[in-house]
Amino acid sequence: MTLVSFFSFLLKSLIMALSNSSWRLPQPSFFPIGILGLEESQHWIALTLGILYLLALVGNVTILFIIWTDPSSHQPMYLFLSMIATIDLVLASSTAPKALAVLLVHAHEIGYTICLIQMFFIHAFPSMESGALVAMALDCYVAICHLFPHSTILHTGVIGRIGMAVLVWGLPLLIPFPILLQKLIFFQTTIIGHAYCEHMAVVKLACSETTVNRTYGLTVALLVIGLDVLAIGVSYAHILQGVLKVPGNEARLKAFSTCGSHVCVILVFYVPGMFSFLTHCFGHHVPHHVHVLLTTLYLLMPPELNPLVYGVKIQQIHQRVLRVFTQKD
């Protein structure tokens with residue numbers, strides 16, 4: 001199953017699940033209104049988001065093009081990198097266009113089902129990216145700590161199974177999000193204090209009991225991210241132990257540089273995400289517009305920074321990009 005067919009199947013399944021749910025009341029319309037408190041600066045914020053989105057598109061498409069056209073890049077690390085680039089493209093494209101429409105042309109209204117689908121994508125694809133980071137940590141561990149050739153352990157069949165596990169990781173837990181929301185009662189016209197449909201922002205607007213939604217959302221976030229961070233931590237503990245056993249400073253530096261780009265991407269992904277999550281749960285005194293900016297940047301910064309990190313840190317990609325853009329006719 002290709003990524004395109006998987007995403008098509010996922011979208012059709014989600015629409016079918018929403019259509020067959022027990023919702024019987026008239027579906028409300030949602031109105032994301034942007035960033036309250038920064039109305040005078042919203043055009044400048046939109047310009048910044050637009051630049052980030054454009055950089056994310058160009059960077060990730062470039063990474064995918066290089067890996068696709070260069071046979072020497074068909075190795076585990078690059079295949080996992082292409083998976084992250086694809087996830088980043090979908091994640092950025094599920095958020096930025098609507099946010100830009102809200103901020104620039106005040107296209108606030110969004111349909112009920114479309115809002116739930118956007119909310120699902122916004123939460124599902126970060127969980128996929130988190131799983132892909134676990135896969136790359138496993139790749140670093142195998143490359144540094146195992147005596148057997150890399151390709152004998154992470155061959156094509158294993159990489160395919162890992163890739164499918166990454167795609168479905170967290171989905172069984174995330175699919176109930178929009179379905180549980182359909183059990184809630186909303187007013188016919190509902191204003192969201194964001195530039196897109198964010199799960200807890202929508203839950204807070206319900207005029208019925210939301211304890212189940214809040215508890216389930218917090219539990220899923222802690223479970224998915226907690227297990228991934230634990231797996232990455234265990235992998236890097238073994239990697240560090242293996243590197244310290246390598247004789248010679250030059251060999252150690254080479255081993256560290258092998259996974260240096262991965263560590264940078266982990267920090268780019270998890271640090272803003274954890275800060276946004278903690279602010280949402282415990283930062284009751286944090287201004288609303290600060291929280292909205294943090295959550296929006298959290299969804300756009302990793303897709304924009306990941307290609308830059310890999311383009312600088314991975315010599316093969318760096319050289320290929322230079323060849324593409326400096327090649328003369």
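Let's start with helix 2 and helix 3. Helix 2 covers residues 42-69, and helix 3 covers residues 76-105. They pack at an angle of about 155 degrees, and their axes are 9 Å apart. Over 145 degrees counts as roughly antiparallel, so helix 2 is roughly antiparallel to helix 3. The crossing of helix 2 past helix 3 is left-handed. And what sort of residues make this contact? There are 20 nonpolar residues, 7 polar and 1 charged. One caution here: this is a predicted model.

Next, the record. An unreviewed UniProt entry carries the annotation "transmembrane region". According to that entry, it covers residues 41-66, 78-96, 102-125, 132-150, 162-181, 218-239 and 251-271. I looked at two of these stretches in the model. Take residues 78-96. That stretch is 100% helix and 0% strand. Its end C-alpha atoms are 26 Å apart. Now take residues 218-239. Here too the chain is 100% helix, with 0% strand. The end C-alpha atoms of this stretch lie 31 Å apart.

On to the aromatic rings. How many aromatic pairs are there? The count comes to 4. One of them joins Phe-120 and Phe-121. Their rings sit 6.1 Å centre to centre, with 70 degrees between the planes. That pair is edge-to-face. Phe-120 is buried, and Phe-121 is buried as well. Phe-125 comes in too: ring pairs link Phe-120, Phe-121 and Phe-125 into a cluster.

Another pair is Phe-177 with Tyr-216. The ring centres are 5.7 Å apart and the planes stand at 70 degrees. Planes over 60 degrees apart count as edge-to-face, so this pair is edge-to-face. Where do the two residues sit? Phe-177 is in helix 8, residues 176-181, and Tyr-216 is in helix 10, residues 211-244.

Phe-177 has 6%, so Phe-177 is buried. Tyr-216 has 23%, so Tyr-216 is partly exposed.

Last stop: Leu-205. This residue is in the loop between helix 9, residues 199-203, and helix 10. Its relative accessible area is 25%, so Leu-205 is partly exposed. Now compare Leu-205 with Leu-184. Along the chain they are 21 residues apart.

Note on methods
Residues numbered from 1 in each chain as written. Predicted model: local features only at pLDDT ≥ 70, side-chain atom pairs only at ≥ 80, totals over all residues. Heavy atoms only, no water. Axes fitted to C-alpha atoms, helices over the stretch in contact; angles between N-to-C directions. Helix = DSSP H or I, 4+ residues; strand = E, 2+ residues; numbered from the N terminus. Parallel < 35°, antiparallel > 145°, perpendicular 65-115°, else oblique. Left-handed = near helix turned anticlockwise from the far one by under 90°. Nonpolar A, V, L, I, M, F, W, Y, C, P; charged D, E, K, R; others polar. UniProt positions renumbered as here; feature names shortened; annotations may be inferred. Phe/Tyr/Trp six-rings, centres within 6.5 Å; stacked < 30°, edge-to-face > 60°. Buried < 20%, exposed > 50% of the residue type's maximum accessible area, 1.4 Å probe, protein only.
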